[in-house]
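User: I would like to go through a few local features of this model. Could we begin with a strand pairing?
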Amino acid sequence: MWTSLGARSESAGPRAASGRLWAVVLGAAAGFFLLGFLIGWFAKPTDKKTSLSTHEDMRTAFMAEMKAENIKQFLYNFTRLPHLAGTKENMHLAQRIQAEWKKFGLDSVQLVHYDVLLSYPDDTKPNYISIIDEHGNEVFNTSLSEPPPPGYEAVADVVPPYNAFSAQGVPEGELVYVNYGRTEDFFTLERDMGINCTGKIVIARYGKIFRGNKVKNAELAGAKGIILYSDPADYCAPGVDPYPNGWDLPGGGAQRGNVLNLNGAGDPLTPGYPAKEYMYRLDKSSGVGLPKIPVHPIGYHDAESLLRNMGGPAPPHSSWKGNLNVSYNVGPGFTEDHSSRKVKMHIHSNNVVRRIYNVIGTIRGTVEPDRYVILGGHRDSWVFGGIDPQSGAAVVHEIVRSFGKLKNEGWRPRRTVIFASWDAEEFGLLGSTEWAEENAKVLQARGVAYINADSSVEGNYTLRVDCTPLMYSLVYSLTKKIPSPDKGFEGKSLYESWYKKNPSSEYKEVPRINKLGSGNDFEAFFQRLGIASGRARYSKNWNVEKYSSYPVYHSVYETYEIVEQFYDPTFKNHLTVAQVRGGLVFELANSVVLPFDCRDYASAVSNYAHIIYNLSRNHEEELATYSVSFDALFSAVKNFTEVAASFHERLQQIDFNNLLAVRSLNDQLMFLERAFIDPLGLPGRPFYRHVIFAPSSHNKYAGESFPGIYDAMFDIESKADQREAWEEVKRQISIAAFTVQAAADTLKEVA
């Protein structure tokens, strides 16, 4: 019956001939398609080897494409002017980066704006500190600005030193020296020395902890204002000259910086939600994390004048003494011959809503375009930003250029790569947090990893890496393929020099990797959304070089020249950091199986569980009295360790031809970090949701493991209601145990 359609009388006509021709053509096409399909199908077993070799070749080409001289030029370009968030100069830089990323060949590059709360000094009423006599006359005033570095005298719009988001006010009172302003420093003053800071103005030296924590501690102690200064003990390396002859901080230099305590909230007026035009805003006076007292930074020359005549008891310990030629007496107030004098603060900064701009560039992935690997670093700087952030922004620019070059030659990554130039990081990680908030649902579903790219160099001794345990193996593997830039390690790998100079104290025969804290743009991705994150930069020898961070941090002296003359003249360390950051992005975006090792997470969680348990054993009697047990946590850790090992075994046997199986296992790896997120957040810190890691409550820069348990036990002996305090410890142990067990369940074989 099928032949009846072809048995028509038209068979001898041209239409029939045409039909036969088309039948032959279509039949041949189908045959070729079938032949191609069969060849492709039977060739599949070699795909893994071919794709592996292509992967290695492309990574080699990518790494070779990055050039130190390009990074040097980009750094020079980015440091000609100040780029303070919310200013036209920083918007123009965003537009320039957008145009260049388009030229580099990215698929799309967009400017994404938010309207956030920022803070600036009042141009007509400068901020300063004075010493006043009994009649209110000013007998000493601190500097209104920093002496400009050579060659920058004519540059306009250099914002004077200030602490962003300081409360306004002109408080006056007796001065109390509080060392670093840490929790333990205030405990020493109040509990050991009987010194009450209520109604006083306190002066703290920068260093050890995040400046916002110092301000919060001063508030809690009842202080009416706080002065922050850079002591030579913390901001001058021994035997080094001040800039421009060396890389130490000059006496007139001062550290700018925000003093918020946002705890991950983002824009203070739209906590938890993106600061778009339609979003409801809190009143400016009731924004999240705003300090309630005036704060102001000064240099060590001015600090010496304030501290020179301090009265009161001597410092309680030698660790309270810096390197100024003063007694470091604690106060309150001045010595007898100056006892009628007081300190007065004059702080007139304003909080205003301004528009900020992120630059977001994308290269679409081929196989898994719905899986995102993100490289982000900020662009805004307090002044010229020679180190922070432009040494990082220059590296990001070169990584983007190199990815663009490969793409223009026909290559694409397996997964989508997103590049970000964040705005307003210096004002509380605002650009990155607002973008993460706006895209939270998509990122939670599709985010594979986030690599942070702030300052590339803060020293020139060795590599420093902070990352999730999921990335440990990847970092070690990658650094074995990168040549070391260090003198004395010619012909050796970065891994070898890093291990030699900074071995791990926790694990045998590997370099040290630090926990992620905060104070940088990975915060929202890691601490709130649970996206695996990491960061890398070249750093100093922390065992020997005891000064804080790097001496000219956040001052006008962070110039291109300080990097080019002192930190990295050949830019070889910048190139190495580019290869680490870029290499991580390449591997995460292009490996068939995600290069995460869940066994490293199991080892880390086990280690952290033992650390927190050992800490609790300082309270053996209370553990018994209140029936506090860590058994459930250790049981969950044991289960997690076993399941992680089993998962890794399955991963070794994966059939690379079974795309669904590969995708399924990759998703289990991708979502493992997400499994440690508690949607309720930590007590009092709802935007810090990671149960294993959080910024320390006492130092935002430092990472704390099992933060819920740690905070519940902190200073527990001084809590009024001991039963209630230990009940909270038990609650936090149970949350940790549940979370670790739940994470283990996500790695089990899918039924």
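User: What is the bridge partner of Ser696 in β19?
Analyst: In this predicted model, Ser696 has Asn699 of β19 as its bridge partner.

User: How many bridges join β18 to β19, and which way do they run?
Analyst: Strand β18 (residues 693-696) and strand β19 (residues 699-705) are joined by 4 bridges and run antiparallel.

User: Now the open sheet: what is the order of its 4 strands?
Analyst: The order is β3-β2-β11-β5, and the pairing is antiparallel. The edge strands are β3 (138-141) and β5 (172-173), each of which pairs on one side only.

User: And how many bridges join β2 to β3?
Analyst: Strand β2 (residues 128-132) is joined to β3 by 3 bridges, and the two run antiparallel.

User: On to helices. At what angle do α17 and α19 pack?
Analyst: Helix α17 (residues 598-616) and helix α19 (residues 631-652) pack at about 165°, and their axes are 8 Å apart. Angles over 145 degrees count as roughly antiparallel, so α17 and α19 are roughly antiparallel to each other. The crossing of α17 past α19 is left-handed.

User: Which residues make the contact?
Analyst: On α17 they include Tyr601, Ala602, Val605 and Tyr613. On α19 they include Leu633, Phe634, Val637 and Phe640. By class, the contact has 13 nonpolar, 4 polar and 1 charged residues.

User: What does Gln668 contact beyond its neighbours within four places in sequence?
Analyst: Gln668 is in contact with Phe647, Arg650, Thr746, Leu747, Lys748 and Val750. Of these, Lys748 is 80 residues from Gln668 in sequence, while their C-alpha atoms are 8.8 Å apart in space.

User: Last one: where is Thr416 found, and which residues does Thr416 touch?
Analyst: Thr416 is in strand β14 (residues 415-422). With a relative accessible area of 4%, Thr416 is buried. Not counting residues up to four places away in sequence, Thr416 touches Thr362, Ile363, Arg364, Gly365, Glu368, Pro369, Arg371, Tyr372 and Val373.

Methods: Residues are numbered from 1 along each chain as its sequence is written. This is a predicted model: local features need pLDDT of at least 70, side-chain atom pairs count only at pLDDT 80 or more; totals for chains, interfaces and linings use all residues. Side-chain values use heavy atoms; hydrogens and water are left out. Buried means under 20% relative accessible area, exposed over 50%, partly exposed in between (1.4 Å probe, protein chains only). Contact means heavy atoms within 4.5 Å. Two strands pair if DSSP finds at least two bridges between them. Axes are lines fitted to C-alpha atoms, for helices over the stretch in contact, and angles run from 0 to 180 degrees between N-to-C directions. Angles under 35 degrees count as roughly parallel, over 145 as roughly antiparallel, 65 to 115 as roughly perpendicular and the rest as oblique. A crossing is left-handed if the near helix is turned anticlockwise from the far one by less than a right angle, and right-handed if clockwise. Ala, Val, Leu, Ile, Met, Phe, Trp, Tyr, Cys and Pro count as nonpolar, Asp, Glu, Lys and Arg as charged, and the others, Gly among them, as polar.
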